[in-house]
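Here is a short report on one protein model. Look at the structure first, then read on.

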Amino acid sequence: GLEIGGGFDERGRVLRIENSGNIRVSDSLIRGQVMNNDAWDDGGIGIGLRNADKVDIRNNRFREVKVAISAGSSRDIRVTGNSFAYIREGMNWVAVDGGVIRCNRFSHFQPNYAKKEHPDALQFWQNNDGSANNTLIEGNFFSLGGPRAVHGIFGGGTQSAEKDPKFRMRNTTIRDNIYYGSALHGISLGGAENTVVERNTVIGSDHTETLPAPVRSADGRDSAALVPKIRIVGTNSSGRIVGNIASSFTIPPELPIEAGNNLTAQVRGGKGVPLKKIFLNPPTGPNPPPEAFLVNPASAAGKAGQGARLVCGAELPPAP
């Protein structure tokens, strides 16, 4: 029940949890310096975690920081039911073993493209302590449909299982998430073992559909657009990709990946199933309502069980 913000420490963190455990942060506002619905004049990391165990970040609002959460070299971290808006970067997840990212809502991202910022809602990688392992990402709503390309879930481990086995990304389940936006990496992993990607919906927004393709604005406020994908790449990546709906898929046939019952949705007038044949009320505009992503149960996709079903993140209210 707190409001925490207005400044940050020498390493840029508004709230620091370090060398600590058994902590819950709930029902609070974590914010930057200037509350004006513009993240460009704010800095800092909302919550910075390092060497932490059993931390529960639940039902909070993150507003107007450069990065919402940075978690590194930690264990058993749960991030559930939070709302992230008017930020430049979402969550950086580094060498976390045992994580749950569930039922969160991401919207109104405002990266500075002129500074070459590469925005992701969720980004995973490794450090000297290893990679991100044993992670559940479920029921999140990535509502990123404005004129800014923001990636959804992006990350992985080293490409060489033989040289650097501890730096592989292992045991990741990505289920029932919705991504609506115009960046390449809707759900994208490389160097990942035993990955399950099932019943997700990754759809290009109106910004993707703009023809001719938009270009980055001179002031860095708006970006170009690409067709979002679900993709698993990298030597010896393995797992299952089943029951998803996406504008595009990249699943190299030489990888030991089970792929099936996936549906390609039409984008930019190309091949694929039109959205009106998949959804009851197809999404349009920068911030479509959650119900726009409900698969029509009478459609072929509905009968096949394709697309996100448990979308608890969509129940959260939109950013004010």
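## Strand pairing

In strand β22, F249 is the bridge partner of I230. Strands here are DSSP runs of E with at least two residues, and helices are runs of H or I with at least four, numbered from the N terminus. β19 (residues 229–233) and β22 (residues 249–250) pair in the parallel sense over 2 bridges. Two strands count as paired if DSSP finds at least two bridges between them.

β19 also runs parallel to strand β16 (residues 185–190), joined by 5 bridges. There, S188 stands opposite R231 of β19.

## About the model

This model is predicted: local features need pLDDT of at least 70, side-chain atom pairs count only at pLDDT 80 or more, and totals for chains, interfaces and linings use all residues. Residues are numbered from 1 along each chain as its sequence is written, and side-chain values use heavy atoms, leaving out hydrogens and water.

## Nonpolar cores

A nonpolar core is a set of buried Ala, Val, Leu, Ile, Met, Phe, Trp, Tyr and Cys residues joined through side-chain atoms within 4.5 Å. Buried means under 20% relative accessible area, exposed over 50%, and partly exposed in between (1.4 Å probe, protein chains only).

The largest core has 51 residues, and I47, L49, I69 and W93 have the most contacts inside it. A second, separate core has 17 residues, including I203 and V295.

## Backbone details

The peptide bond from L211 to P212 is cis, with omega near 0°. P212 is found in the loop between α1 (206–209) and β19.

A95, in strand β8 (residues 89–102), has a positive phi of about 50° although it is not a glycine.
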